[in-house]
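Subject: Structure for your review

Dear colleague,

Please find below the structure that I am handing over to you.

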Amino acid sequence: MKKNLAFIILLVSVLFSACEDNRMEGMMDDQFYLLKNGDYILKAYRQKSLVDFEVSIYKSGMGTASGEVTFVADESVLSNYNTANGVSYKQLPTDCYTIDNSTVQFDPETVSKKVKITLDVKKVESLQGIGNKQYAIPLKISTTSGISVVADKSELILIPEISGGIRPNSEKLLWSKSLTEMGISGTDHFTASFAVTSSYLFVNSRNADLKYFNKLTGEYVGTIALPFKGSLANFTIANDDKDNLLITNLRNKNDGNPYQQLIYRITGTGDPVEYINSSHIYPNGRKLSIKGDLDGDALIVSTIENSSKFLYWTVRNGQLVSQDPQVFETQPGTIAWNLFGDAMPLGTDISNGFFIAGYGTLPGLGYFDNQGNMVSKYDLKNGELDPAAGFSTQALDLTTFNAATYLAVGTVEGTLYMNGRLLDVTSPQNLSLNPLDSYLLAFRLNKFGCNNNANMTGDIHVKTSGDGQTMEMYVLGTNGSIVATQFDCKSED
């Protein structure tokens with residue numbers, strides 16, 4: 001009997017030992033940390049008044065402790081960050097943002113809580129403008145409740161950047177028409193340029209009078225007679241920032257002898273008048289660009305064939321400074337083209353530099369300073385415009401819309417397609433960024449077909465409305481179509 005009793009006692013002891021609760025074994029003490037830590041760029045569209053940013057504070061561990069967490073700006077965090085990263089951000093003034101609850105209470109069972117930071121967009125913009133990053137909010141969690149904080153997950157550098165320009169996802173197709181639908185030949189290779197004013201789109205077809213259309217609908221409006229028209233006479237058209245047009249002839253001889261450069265001006269829909277009559281030795285006239293207002297200050301640019309040079313004329317106070325052009329040459333080894341090149345001034349003075357694109361011996365797209373040095377270069381290959389694959393990037397335009405600057409880039413793909421895109425070059429150095437990153441690539445138009453565009457020509461223009469609320473991008477592919485896309489910058493609030 002005693003033996004049985006001892007056995008029963010031993011059995012019960014073993015059973016109780018097996019049922020012992022070991023769930024807490026290996027569990028860590030409670031600790032606080034941030035789910036988002038490190039640095040974070042907070043982009044805010046300038047048409048908004050306020051922008052919210054949520055931060056999650058987590059508590060992990062055994063879940064047995066309660067505690068209080070403070071989440072506040074800490075100047076030492078920014079100082080350490082600047083030193084470690086070789087930057088010099090300033091601390092954003094506290095009147096530019098609010099933290100909805102800088103002190104957070106955690107019960108033992110609470111796993112996470114959110115803290116909302118609200119940015120005053122207008123105040124930040126007044127401090128650092130559009131597209132700049134000069135200020136930061138250095139945030140840190142801490143506690144005196146005895147619960148530890150994960151050191152490498154306790155700090156957040158919030159860097160606000162105000163973006164202007166196009167309202168996200170505002171693009172819409174205004175119209176798309178083939179040249180044939182517009183009453184223009186779609187097979188003769190003669191329609192390679194157009195121009196846009198406040199009301200009209202002017203389509204230049206060599207050896208034909210100038211047709212113009214409602215720019216918002218594509219409907220035919222009228223025709224301007226060109227007494228000088230001819231295959232090489234009305235070769236290229238361009239518009240200024242107002243309602244003025246220039247049409248130039250093609251000088252395609254390269255024998256060292258001087259030939260006439262004839263450029264005609266049209267104001268509104270009036271008759272053309274001779275504007276420039278100059279004799280020089282440079283073969284040019286395939287591309288023409290204007291930056292500024294011919295009634296005020298402007299630069300007129302025409303690329304020179306088989307070179308890395310272009311001609312330019314200066315306009316000041318509505319007067320052409322000289323009939324004779326000046327020559328601008330880019331840094332050797334940076335860019336060179338055969339027939340297809342375009343240059344677009346950043347401003348009305350050469351000191352602002354130029355965006356230049358060309359296809360031929362040394363194709364490329366870049367921003368050049370006033371000495372011809374390449375400052376930034378667009379990666380055509382990784383931007384899916386590889387010249388080796390038959391892409392000819394050769395048409396440019398530039399505009400400022402809602403405090404952002406956009407470069408419109410037109411590219412012909414072989415003889416069958418036309419491409420157009422908008423690049424945000426508010427900072428010209430942006431051109432060297434990842435070519436497909438949304439920070440640079442603001443919009444890409446789906447390519448459209450051309451009917452055997454054997455000369456690989458096309459054109460692109462952007463135009464901002466008088467009230468500054470909308471912007472249009474127009475793309476022409478020779479022997480193909482014209483496609484019009486509209487964007488806006490309406491308030492998001």
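A residue is called exposed here when its relative accessible area is over 50% and buried when that area is under 20%. Val 321 sits in the loop that runs between strand S24 (319–320) and strand S25 (326–329). Setting aside residues up to four places away in sequence, Val 321 touches Thr 314 and Arg 316. The C-alpha atom of Val 321 is separated by 36 Å from that of Val 483, and the two residues are 162 positions apart along the chain.

Please note that this is a predicted model. The protein chain has a mean pLDDT of 93, and 94% of its residues reach 70 or more. Over residues 5–26, however, the pLDDT is below 50, and this stretch has two contacts in the model beyond near neighbours in sequence. Where pLDDT is low, the predicted coordinates should not be read in detail.

His 461 belongs to strand S34 (residues 458–464) and is buried, with a relative accessible area of 6%. The side chain of His 461 makes a polar contact of 3.2 Å with the side chain of Asp 397. Not counting residues up to four places away in sequence, the residues touched by His 461 include Phe 194, Ala 195, Val 196 and Asn 239, as well as Glu 472, Met 473 and Tyr 474.

In helix H2 (residues 75–85), the buried residues are Val 77, Leu 78, Tyr 81 and Asn 82. These four cover an arc of only 130° around the axis, which puts them on the same side of H2. An α-helix has 3.6 residues a turn, so residues three or four places apart point the same way. The face of H2 turned away from the buried side carries the exposed residues Glu 75, Asn 80, Thr 83 and Ala 84. The packing partners of the buried residues of H2 are strand S2 (38–45), strand S5 (90–91), strand S9 (135–142) and strand S11 (155–163). Gly 86 follows H2 and has a positive phi, near 65°.

In helix H3 (residues 121–128), Val 121, Val 124, Glu 125 and Gln 128 are buried. Their arc around the axis is only 100°, which puts them on the same side of H3. The buried residues of H3 pack against S2, strand S3 (50–60), strand S8 (112–120), S9 and S11. At the N-terminal end, H3 is capped by Asp 120, with a side-chain oxygen 3.3 Å from the backbone nitrogen of Lys 122. Just after H3 comes Gly 129, with a positive phi of about 75°.

The largest nonpolar core has 29 residues, of which Ile 57, Phe 71, Leu 92 and Ile 117 touch the most other members. A second, separate core of 24 residues includes Ile 166, Phe 401, Tyr 406 and Val 412. Leaving aside neighbours within four places in sequence, Leu 92 is in contact with residues including Tyr 97, Leu 119, Val 124, Leu 127 and Pro 160.

Finally, strand S21 (residues 289–292) and strand S22 (residues 298–303) pair in the antiparallel sense over four bridges. A hairpin of five residues joins S21 to S22, and Gly 292 has Ala 298 in S22 as its bridge partner.

With kind regards

Notes:
Residues numbered from 1 in each chain as written. Predicted model: local features only at pLDDT ≥ 70, side-chain atom pairs only at ≥ 80, totals over all residues. Heavy atoms only, no water. Buried < 20%, exposed > 50% of the residue type's maximum accessible area, 1.4 Å probe, protein only. Helix = DSSP H or I, 4+ residues; strand = E, 2+ residues; numbered from the N terminus. Arc of directions from axis to C-beta. Contact = heavy atoms within 4.5 Å. Pairing = 2+ DSSP bridges. pLDDT = per-residue confidence, 0-100. Polar contact = N/O pair within 3.5 Å; in protein donor to acceptor, adjacent residues only side chain to side chain. Core = buried A, V, L, I, M, F, W, Y, C linked by side-chain atoms within 4.5 Å.
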